[in-house]
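Please open the structure in a viewer and keep the selection tool at hand. The stops below are to be taken in order.

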Amino acid sequence: MIQYIKKGAAAETKAEMNTQVRGIVEGILADIEARGDAAVREYSEKFDKWSPESFRLSASQIQEAIAQVPASTIEDIKFAQAQIRRFAQIQKSTMQDVEIETLPGVVLGHKNIPVNSVGCYIPGGKYPLIASAHMSVLTAKVAGVKRVIACAPPFNGAPCPEIVAAMHMAGADEIYCFGGVQAVAAMAIGTESIPGVDMIVGPGNAFVAEAKRQLFGRVGIDLFAGPTETMVICDDTVDAELVAVDLLGQAEHGPTSPAYCLTTSKKIAEELPAAIETVLARLETRDVAAVSWRDYGEIILCETDEEMLQESERLCSEHVQVMTKNPDWFLERMTNYGGLFLGERTNVAYGDKVIGTNHTLPTQGAGRYTGGLWVGKFIKTHTYQRVLTDEASVMVGEYCSRLCNAEHMMGHKEQADIRVRRLGAK
């Protein structure tokens, strides 16, 4: 029987907050569409106290920023990007163009074509998320995107050197220093100085996420993202301290980040609250992580692996870390999640920063119908067809004519009939 040892607090004000965010974002988008660069500058001054001569960094500014980054950090960025590039290249190699003669004289096929231009948003307000540059810019470049622009808000009153270095090393064609809704809008809508793009990707706060939602359709997006979510599925093969670390490691993202512990271990369920307090005491980000755990943390005690699987499928967390006797049992059976982290030797931080998989993952149950960002998100699969012989066109045309007639679509029917008449008479 499933026991909810600790439940997260209900977010009564969530709907009200969403309505407020939606209205603010609508106004900003409309203003930027109407006034372009002038509006972008005003919002940057208002929200980020940032108004440089140009938001786009010049080649010399990029090199100046990179020169501020310690050599050891440059080497770490190179290592992370090598892993991410290699996995993205392997993924891309699985996507093949196809062409087949399905009937005598009838050829069907598809081509995989990269999106022409992409805008990558890299968060950098509370935390300078260097890894987001790898995940978006580099993956788009591996996909073959011709123009990749990247932006991040100022950090401590200036472009963040580490983020600029990561963007440049990942292959960004244009680098901008601005953030928030104004940055997403400038890239998606376009302004006098910034040509718009075809697709926007990257995580961000509630306002950035809402801007992407409202712009979807006008441009493509990677996915709708909410607060970071994490789940640990565990049994007696691990201890409460390790579980606490792995939960709080993601709870530090923000005060509304859900963190779930599903366990068949009564010992862990009983010891986890105290372990959480012990780990919090040594975290510099305790003020954020503690609020997130208090309001959105859950401990769920299950009797069997099947019950843990049932709860995991229901909750559909962004990150699912499995630390049990047989993690592959869950790998074989789970269908609803963002990314899986199998065994106690790995963790979500590895995936977030360096191991090679992409850290932009579905939240708020979206793992039921989509995966995360990967090289294929930047590639469109377009079909084509070719009819090689008169006989094949007449044969297909006769079927098409009868089906169009059944649908009362006489213009479509005539497209088939004219070919049947002309080619059949030869």
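**First stop: a pair of helices**

Select helix H5 (residues 130-143) together with helix H6 (residues 161-170): their axes come within 8 Å and cross at roughly 15°. The two helices are therefore roughly parallel, and their crossing is right-handed. Please note that the model is a predicted one.

Next, display the side chains between this pair. On the H5 side, Ile130, Ala133, His134, Val137, Leu138 and Lys141 take part in the contact, and they meet Glu162, Ile163, Ala166, Met167 and Ala170 of H6. Sorted by class, this contact comprises eight nonpolar, one polar and two charged residues.

**Second stop: a strand residue**

Move to strand S4 (residues 117-121) and select Ser117. Is Ser117 buried or exposed? Its relative accessible area is 7%, so Ser117 counts as buried, the cut-off being under 20%. Beyond residues up to four places away in sequence, Ser117 touches Val145, Arg147, Gly196, Val197, Asp198 and Met199.

**Third stop: annotated positions**

Now select Gln250, His253, Asp352 and His412, to which an unreviewed UniProt entry assigns the feature "binding site". These positions span 163 residues in sequence, and the farthest two C-alpha atoms are 55.3 Å apart, so they do not all gather at one spot.

Centre the view on Asp352, in helix H14 (residues 348-353). Asp352 is buried, at 6% relative accessible area. Leaving out residues up to four places away in sequence, its contacts are Ala131, Met135, Gln250, His253, His319 and His359.

Finally, go to His412 in helix H16 (residues 410-424). His412 is partly exposed, with a relative accessibility of 41%.

Definitions and conventions:
Residues are numbered from 1 along each chain as its sequence is written. This is a predicted model: local features need pLDDT of at least 70, side-chain atom pairs count only at pLDDT 80 or more; totals for chains, interfaces and linings use all residues. Side-chain values use heavy atoms; hydrogens and water are left out. Axes are lines fitted to C-alpha atoms, for helices over the stretch in contact, and angles run from 0 to 180 degrees between N-to-C directions. Helices (H or I, at least four residues) and strands (E, at least two) are DSSP runs, numbered from the N terminus. Angles under 35 degrees count as roughly parallel, over 145 as roughly antiparallel, 65 to 115 as roughly perpendicular and the rest as oblique. A crossing is left-handed if the near helix is turned anticlockwise from the far one by less than a right angle, and right-handed if clockwise. Contact means heavy atoms within 4.5 Å. Ala, Val, Leu, Ile, Met, Phe, Trp, Tyr, Cys and Pro count as nonpolar, Asp, Glu, Lys and Arg as charged, and the others, Gly among them, as polar. Buried means under 20% relative accessible area, exposed over 50%, partly exposed in between (1.4 Å probe, protein chains only). UniProt positions are given in the numbering used here, feature names are shortened, and annotations may be inferred rather than shown by experiment.
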